[in-house]
Structures are given as structure tokens and as C-alpha cells.
Amino acid sequence: MPSRMGARAPAGFARSFLELGLLLLLVFVLLQGSVFPYGADASSQHAKDGCSSTHEGKPNRTKKVFPVLSFEYDHIKTPFEVSLWVLFASLMKLGFHLVPRLSSIVPESCLLIVVGLLVGGLSKLIGESELPKLDSGNFFLVLLPPIILDAGYFLPIRPFMENLGTILMFAVVGTLWNAFFIGSVLFAVCQIPAAGLTHLGLLSCLLFGSIISAVDPVAVLAVFEEIHINELLHILVFGESLLNDAVTVVLYHLFEEFSAFGTVTVLDGFLGVISFLIVAFGGVLVGAIYGILAAFTSRFTSHMRVIEPLFVFVYSYIAYLSAELFHLSGIMALIACGAVMRPYVEANISHKSHTTIKYFLKMWSSVSETLIFILLGVATVGGPHNWNWIFVTSTVFLCLVARVIGVIGLTFIINKFRIVKLTTKDQFIVAYGGLRGAIAFSLGFLLEVEDEEMRHIFLTAIITVIFFTVFVQGMTIKPLVELLAVKKKQEAKRSINEEIHIQFLDHLLTGIEDICGHYGHHHWKDKMNRFNRKYVKKCLIAGERSKEPQLIAFYHKLEFKQAIQLVESGAGGKLSSALPSTVSIQNIQPKKPPPAPEPRERVLPQLPKSREEEIRKILRSNLQRTRQRLRSYNRHTLVADPYEEGLNDLLKKQKMFELEKKIKEMNNYLSVPVATSDSPTLRRARLASDPQAYNVKPDPVAVPTIQVELASPQSPDSVNIMDEFRKDKEKDEDTGLTMKPPSGPSAPPRKQSEDAKDPQKLTRCLSDPGPSADEGEDDPFLP
Amino acid sequence: MPLPQPCPAPPCCSRRCGAGGANSRQVRRMMGAATTRIGQQDPELVDRTGFSPEQINNLHKRFLQLSGNKDTISRENLNDIPALTYNPIKSQIIEAFFDKRNQHDSEVGSLEEITFEQFLMVMSHFRPPTLEMTAEEKQAMRKEKLRFLFNMHDTDGDGKITLEEYRKVVEELLSSGSIEQESAKEITDAAMLEVASTNVPHMGPEDFYEGITFEHFEQILKGLEMESRMHIRFLDTATVHCGKS
């Protein structure tokens, strides 16, 4: 297999990929389960003691030599194989990103399906019959929930609610239209004698139509995350794929029921509508109830931070299961649960828990997604097929046609009501983004039709449609988006100014609506917000954060983030110039004085004591963290490290200084205007107090000793890094640093920290870029 | 478009408002004559404000309701709208209606009362963009909307939002009690710093950033897609107004 992968890869792929490939081969061999001894050796060594003792106790093992090494694969079979699959899937995912350029051309989902196909094909060659199937039970109960929860928890509520009408229209009416159109036309196609499918009834065709018509959230997420399309289109397609679940569930059960009996009455249709409403709203209700429960629970977790994240997962999963229990829409329950709990949970839990939740969800969902696509590929090879040219081609064709007609027709209606109209380009992307995926496959798998052959025809057609949409549409949508110059997603990070104006605008529009005397969208939103602020938050959020206005909460988050960035930039991953926020701090510095001259009095006490304390606390805890991290990096990356102790010490010191410098800068820009006249005492007091808080007195005695230690790590190979750094320093000197207060201690530490950064930079270069790069990428704190 | 409601407005009062001479006189004449003929002024008002005749009718009804069937609206009229009571930026919204800068004239200052046409002119800033708009038109619309916002912040009309003015906005947004006053200050300072640093990256230490100019204002709100965000839905059917005055 590695050789094949190598052949597929572009010429200059990394050498490590070969090694990875070999590893994968090993994993693959294990997966087959045909060569047990390998697996046994490895695993039984671990389980030796435990195993042998249990064997001894068993009565059936009579009178044997005491087994020093025993082997019982069945004992661990299932979890072992599951873990191997997960490992395999993750390694594949990893592998793709090692191959340069590959992941930018082909979507990951396609590659994973191909891998699945290869695995399936190989195992078929070997003759292994027992392949893991994309089991419907496992799919719906294990693989799907993480993806949906991830989607629901991080659902961008605002655009979702603003476009709810359109989304519902597409999800409900669009899916219905698709199902009936595809079903009935297919029925007509089946009547052509040449197809040999005359025995397919109308209801069977409609059943098939209802399975194949739903846009799949997993596939949509996988493709749309890569093309970075603008928020509106993303939420339209993605929202549709989430909300059509209710329609699909109802249609599926309806037609399954009917096709068993063969007759439909008007009453059935009516009951179907009722059932739809119950399924949809029931799902949302169940989800919301659990969401509120989760939020309420998180109110009391402040003494037990460790298990905080668990509540989010468990409550959501129970919500999903509870909804499935009544055949309600589990997906909608999950979405509702995640969306309802998030704002309150986030206000209650600790920052670390928040990060945990975030990463856990992301990790889980991406592993699930990977597994789903790989298993889909495997199942394609493994499953029974009945290839009927007419049926398959007409299905693919109908799916496309129905989607296009549906979108165009619906947009025509929707645009009459929408204020921001959907353009032709938008319509095209919405239509083209209608990817089908594993949900359809699993539903097809679940089908209980008496006619096995029919099921196979259906499955084959479903797989073809999935492959067509994922491969053809999924691969071409990116170039098309670029070709059409569809608006891309903007930088998600919001500045404080934007936040102020968004809120200002909200109030303004509400006010204007009130003046117009027309109670519209903004009016009700405002009502809801006020209700939320007045009652709900008090119940669900502990402490005084419940009373915190949104803007302040936002500002705190921003501040918090900056503080952390600050620490991390101090930790050496990025130097100050690489980090926009730090630059701005420095640039601001000279500018801060200006606003002062007139309202001088007011600028003075900018950083209240409590706030300062808080920042300091944050900084301190993060300092701790990064320091630990750094140390561990050192252990693993620097081979023989005689300087480790000194280096660590140094890093610590360096960071202290860095921090101290920042704090000073902060104080500096906050109080520079004052320094000229008003209260130098205050500033001095503050400056003095800061280092103390960190227990780092810029002890002049310590400086030279450190520098001595320093000399050795500064090996010649760090020269250009140093140069680079110097340049940065110089730049700093130009702009901000001249503004520094003439604080005596700051000069020597500056020099020292300058030097101290180099070995640190070096270690960072040697080790992998570390989490800081990652964290900069997807912003963890801001909604 | 039937308008059964009689309008007993006294035909006398818009001259002293003085903003757009000819037009307001025209409006007065027509409104004073009889409401059934509002339709007649449509072509011109439709042109100037971009509203449809139905929307104008609806807004006119509301206007009369607010003003107590008079020709002009005063601050008190708007102040009495109960729904506005909880709006933290109530005073600024009301002020915006009486701001001459929002009347597409270049005058600065504020009015005491506004006529229906002036009312419409203010409202016209909240029209949504249409599908047919070209990029330039969208750009112009965006600019106009931003200008409106800017004027709301720039209370003294000197073309700059000073720190003072900005802080007032934030304070009002926070509907600040005494505790939040400090937060408001912090936030404003942070925001101001941001504006300054993004717009004038190279400033000498002695330079003085006086306040946000309109260009800078545009710059910092670049990401907000104001043209599609700042709008409300104006009724264009003859539905009943549920708001009372």
C-alpha cells in the first residue's frame, strides 16, 4: 500500500511519508486480523500477568503446565480492532497533510474514501471476509453524534437565526421537493421495460427518493470547511443539511411503513405532517431541555473543574439518545442542546475547561469524520452490489436536476421576502453544495425491504450518488468558487471597535423599528435579549458574570486573549514583530499620549486595581503553563542537554522579564500622559509592584551570571535567528521603546532578555512549532 | 392604496424648520391639502428617498400617529414612544432625527422639529440594498450609512469622533452604572488605541491623535458589511401598525 500511495503522491513528498507508509502497512496487516501472532506478541506482553492469573483460576484448564506466556486474542478483539481502526484513520489523515500540495487539490474526504476503497480491495484480495461495515447502529449512535455536536456547539447563532427562514425553506420544502421529484420520476423511469425494474413500486421509489434527497452535514462540513466560503452561503448549505434531518426521518419512516402495506390514505398524509412537526419540534425541545440542564449544572461546577467538560458531552449525548428513543430528530436535538447550553456554559466554566471542550469536540468529530469516510470506502468494496445502468445514471442525473430546480425555484420565492437577496452565484453554490453522504448510505443500509435485490440496487445507486457528489462536486467546487469570485470568509477575529458598533447597530435598528412602529426582527430579538439578561442568565450563570454586559464580557475575553498571546509571544514561539497584537501595543504607545492632553484626568486611572490583579493572575497561571510546556519540549527535543537546567532557569527568567516588560509597557501607555505632570508616584508604585507580583526583582546581580550561562547555548547555528531578532529589536526601539519611562531597572533586563531569547528561539525552532501556532489559527476564545 | 384616514393637520408650520426650503414647502402644501393625495407627491419623494409609495404611505401614517396629526414631529413626540424606553441609545437615536447632517444637506446643526419629508430622509438611511445595485451604488450606500453612524457619534459636528464622544457612546451602550463607568473607559481607550494604531501606524511620539475621522471610521468598520447589515424591513403593504404612540 505505501508504494501505491507513493505513486499517487506528487514527486517531492516527504521522506517521512515513506516511513509512515511502512507503519501503516504494519497497522494494515494487523487490521486484517489474519496474522494474529504479531498483534498477540505486542499485546499479550502487556496483559501477561493479568491473563495468566485469570486462566489459572478457570476450571476448564485442568492440569497443564503453568503458561508463562499465554495468548487469547478474543479477549481483546473488539476494542483492539476498534483502536487499530482509529489509529489507522488518524494516521491516514496525518499522512495526507505530509504530502505537499495534495490536500490543497483533493478534498480530504475524497482521499479518505480512496483509502477505504484500497483497504477494502486489498482485504478482498487476501480473502478476508470479515470487514468492519459502516454499521448503521454504530454510525448513528457513535460516529455521527460527535460531528453534529461539534457543529451545534460552535454553530454561529447569529447568521443562523438571521437566515432561519431561508434555511428552513431549503431544508423542509427543498427536501420534500427533492424526495418527491426524484421518487416519482424514478418510478416513471422504472416503468421503461428495458430497465427491467418494473417491479419497483411507486412507494419504494419514493422511499428511495427520501433517502437520497437529504443533503449530508458530514459531507458538507468536510468540503465547505476547506473552501472557506462566506458566512451566508456556509450557513445556508450547512443549516439546511442539519435541519433536513427531521424531514428525512419522517419521510423515511412514513414510506417505509407505507411500502410495507402498499396503500396510502389522506389521513396518512395528514399524520405525516403532524409527525413531522412532532419530530422536529420534539427534537428541538428535548435538546433545549438538556441544554438548559447542562447550563444549570455548570453553574455549580466551580469546585470540581476537572469534570466540567464532561457535562457538556454527556448531556448532549443523552439528549441525542433521548430524542432517538422516540424517533425524534436526534440531530436537531443535538444542535439545539449545543446551541442553548453554550453561552451559559462558557460563562460558567473555567478557561481551561473551555479549551478542553473545544479540542475534544474537534478531535472527536474529525476522527469520526475520517472513520466515516474510510468505512464508506470499505463498505463500497465489501457490500453486495447490483449495478443497474439505467437506475444509477438516472438517479445521479435526477439528483442534480432536482437540486438545481429546487434551489432556483425556492430562491425565487425566498428572494421576495429576503432583504439581502440571494444572487445567481449564491444560488449556484447552494445548489452545487448539495452533497450527499454517509447518512444516506446508512439509511439505505437500514432498509428493510423484503426484496434483497431491490436493496442492493438502492445501495449501489446511493453509493454512486455519494461518490459523484463527493468526488466530482467536492473537487470542483473549490476552483468554481474561485472562478466565480464568490465572496470568501473574512477574518473571523473581531475587533473591539467592531463589537461596539455591532451592538450599537443592534440598538439603533431596534430603535428605528420602534419609531416606525413596526415590530420586526430586531424588536423581537431585543425583547429576547432583555428577557435573557433579566431572568435566564441569573438562573444559569453563577456569580456576578450573569450581570456582565455583553460588551464588557467581550472586552474581557479580548483582554484575556491578548494577555495569553503576550505570554506566548514571550515564550518565544513568535517574536513580538510576528504578532500583530504586540505590534499594535507598541505602536499604540506613542499614540496614547495624544488623547490625553485634554481629558488628562480621565485617562489616568485606566487600569483599575481589580482588573490589574486579574490580568496578573492570568499571566501568572499561563506563565506556569508555558514554562512547563517548554521544559518538556526541551527534554524531548534537545538530545544531550547539559545546559538544561541553566536553560530552563534562563527561560524562566527571560519570560519573567518579558512579562515584566509588557506590564511596564502596559502601565506605560496607560500612564505616560500622567508621568509628565500628574502623579509619577502612582506610576512608580505600580511599576515597582509588578515585578514583585512575579517574584522577579530585576536583580542586577543576577544579570551577569545569567549571561555567563547564556554564552554556551548561543551556538553558531543560531546566528541568523539572532540577526533576525536584532532587527526586530531595532524596529521596536524605533517606535515604541523610546517612549519607555526612564525606569532604571528596565535597561539591563532589556539587554538580558534580548540575549535570553536566542537560545529559547533556538529550542523552539528545534522542537515543533508548538501549539501556539495552532492557537493563533483558530481562535479559541471569541465566539 | 386607499387612505381613508383624514388628516386635519394645520397647514402652516414647516417654514420655520428651514432645512430644504422648496421641498418642505411642497410637502406642507400637499399634506395640508388632504391625505388622500399623498400619492401625488410620490414621484418626487420616491426619487429622493428611494422608498416605494406604499412604504411612504405606511411611514406617513406612523408619522401622523407619532406627531398627533401634526405636520411636524418634535423630540417630545419621539421621546414618548414607549418601546424606546429601554433602548440604551435612545437619546442618540432621537438626536439623529433632528440632525441637519442627515438631511443630505451640508448644513451642520440641529433642528427643533422635522417634517414628514425630513423624517423620511432620516429613515431612508435604513433602506436595504437591492439585488440590482451595482458595486458602486453599493459602495455609495455603504458610505451613506456609515456617514449616518458617524454623525451619530460625532455629536459636536467637527468631523471627528473624539475620545470623549466615543466614551459617551460606550457608556450609553453599557447603560452604565457607576461600576461600569470604569469599564467603559477602558473599553473606549482600548478601542481608540485600536483605531489609532490601525490607521496611523507610524506616529511620532509627540503626535496627537485627535479623534476618529470619517475615513478612519470607514476603515475600522470595513469588515462589517454595513450595506447589508444596517437596514430594517419597511412595511410595503397596508398592514396595521402594531406600535402605538
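Counting over all chains, this predicted model has 12 salt bridges. Here are three of them, all from chain A, with their N to O distances.

| Pair | N to O distance |
|---|---|
| Asp150(A) and Lys362(A) | 3.3 Å |
| Arg342(A) and Glu346(A) | 2.8 Å |
| Lys525(A) and Asp506(A) | 3.7 Å |

Take the Asp150(A) pair to start with. It links distant parts of the chain, with Asp150(A) in helix 7 (residues 136-153) and Lys362(A) in helix 16 (residues 351-382), 212 residues apart. Asp150(A) is buried at 10% relative accessibility, while Lys362(A) is partly exposed at 34%.

Arg342(A) and Glu346(A) sit about one turn apart in helix 15 of chain A, 4 residues along, and both are buried.

Lys525(A) belongs to helix 22 (residues 521-540) and Asp506(A) to helix 21, so this bridge ties together parts 19 residues apart in sequence. Lys525(A) is partly exposed at 23%, but Asp506(A) is buried at 18%. Both also belong to a salt-bridge network with Arg158(A) and Glu162(A).

Helix 21 of chain A (residues 496-516) also meets chain B: its axis comes within 12 Å of that of helix 7 of chain B (residues 135-153), crossing at roughly 95°. That makes the two helices roughly perpendicular. On the chain A side, His501(A), Phe504(A), Leu505(A) and Leu508(A) meet Phe148(B), Leu149(B), Met152(B) and His153(B).

Lastly, Ser329(A) lies in the loop between helices 14 (308-325) and 15 (330-348) of chain A. Ser329(A) is buried, at 0% relative accessible area, and its side chain makes a 2.5 Å polar contact with that of Asp245(A).

Note on methods. Residues are numbered from 1 along each chain as its sequence is written. Chains are lettered from A and ligands numbered from 1 in the order in which they are written. This is a predicted model: local features need pLDDT of at least 70, side-chain atom pairs count only at pLDDT 80 or more; totals for chains, interfaces and linings use all residues. Side-chain values use heavy atoms; hydrogens and water are left out. Axes are lines fitted to C-alpha atoms, for helices over the stretch in contact, and angles run from 0 to 180 degrees between N-to-C directions. Angles under 35 degrees count as roughly parallel, over 145 as roughly antiparallel, 65 to 115 as roughly perpendicular and the rest as oblique. Contact means heavy atoms within 4.5 Å. Buried means under 20% relative accessible area, exposed over 50%, partly exposed in between (1.4 Å probe, protein chains only). A polar contact is a pair of N or O atoms within 3.5 Å; within protein, one must be able to donate a hydrogen and the other to accept it, and residues adjacent in sequence count only if both atoms are side-chain atoms. A salt bridge is a side-chain nitrogen of Lys or Arg within 4 Å of a carboxyl oxygen of Asp or Glu.
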